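Hi,

Here is the structure I promised to pass on. Please have a look at it first, and then read my notes below.

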Amino acid sequence: MTPASTSPLAAAAARPKPLRPSFRRRLPRVSCQVTPDRPAGGGNASSASPAPQPRWRAAVSAALAAAVVAAMPAYADLNKFEAEQRGEFGIGSAAQFGSADLKKAVHVNENFRRANFTAADMRESDFSGSTFNGAYLEKAVAYKANFTGADLSDTLMDRMVLNEANLTNAILVRSVLTRSDLGRAIIEGADFSDAVIDLSQKQALCKYASGTNPLTGVSTRKSLGCGNSRRNAYGSPSSPLLSAPPQKLLDRDGFCDSATGMCDAK
């Protein structure tokens, strides 16, 4: 019998087509792990106990925990040392009083230049005659604190509470008092020249501002700019010669003792 003839098209249709690489389905990779602690009778894999951790991991964890616990007293001693030294290498007065409890403390005629009093509690404390030139006092609470004759020039006093604080004859030249509360503060003879104060706060202070600072000779009302008077008593920032403080103020807080290296207030 003669075999039936097959056309080329029929032969091509009957031939299996190879799968394209983009349509090939990858089979999931299965890995087997032999658990030595698995019970002989079989059982679920979840019931098998986990493999014990290496001993060196436990030793490292214990050593790190011991180091952290041992370092805590060292950090406390370091902070205490920095506060007592008053500055880097014992020079200056950059003491650290951040968030410190200074309620009803007495620090008369002391040097706190460049010190940090951020968020410190200074309620009813006595800092009369002390120097705070360049210090950080933001968020500090100084309710009824005594700053009589204190030098608070070039200080950052942002968001500070100064309710009923005594600022008699204090120097607040170029200090930043934005968002600070000076409600019922005593400001007789205080010098606010070139200070940054909120307009509403300045208007409240101008209602009872009086006196003249005995050291700078600047009227309190003039330094605040009350009654459309010139606010910048020392000139403008664009004229440094006119903006310079009086020599008396520079002699008081601008130089250090060459013999001791300390910058105590004179």
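Let me start with D121, which sits in the loop between helix 2 and strand 1 (helices, H or I, are DSSP runs of at least four residues, strands, E, of at least two, both numbered from the N terminus). D121 counts as buried, at 15% relative accessibility (buried means under 20% relative accessible area, exposed over 50% and partly exposed in between, with a 1.4 Å probe and protein chains only). Leaving aside neighbours within four places in sequence, D121 is in contact with A100, D101, L102, K103 and V141; contact means heavy atoms within 4.5 Å.

A word on the background: this is a predicted model, in which local features need pLDDT of at least 70 and side-chain atom pairs count only at pLDDT 80 or more, while totals for chains, interfaces and linings use all residues. Residues are numbered from 1 along each chain as its sequence is written, and side-chain values use heavy atoms, with hydrogens and water left out.

Next, the core. The largest nonpolar core has 40 residues, and F117, M122, F147 and F192 touch the most other members. Such a core is a set of buried Ala, Val, Leu, Ile, Met, Phe, Trp, Tyr and Cys residues joined through side-chain atoms within 4.5 Å. With neighbours within four places in sequence set aside, the contacts of M122 include L102, F117, F127 and F147.

Now to the aromatic rings. A search of the whole structure turns up 10 aromatic pairs (rings of Phe, Tyr and Trp, the last by its six-membered ring, pair if their centres lie within 6.5 Å; planes under 30 degrees apart are stacked, over 60 edge-to-face and the rest tilted). F117 and F127 have ring centres 6.3 Å apart and planes at 85 degrees, so this pair is edge-to-face. Both residues lie in the loop between helix 2 (55-85) and strand 1 (176-177), 10 residues apart, and both F117 and F127 are buried.

F132 and F147 also make an edge-to-face pair, at 5.8 Å centre to centre with 70 degrees between the planes. Both are in the loop between helix 2 and strand 1, so the pair ties together parts that are 15 residues apart in sequence. F132 is buried, with a relative accessible area of 0%, and F147 is buried at 1%. Ring pairs link F97, F112, F117, F127, F132 and F147 into a cluster.

Finally, W56 lies in helix 2 and is exposed, with a relative accessible area of 56%.

Best wishes
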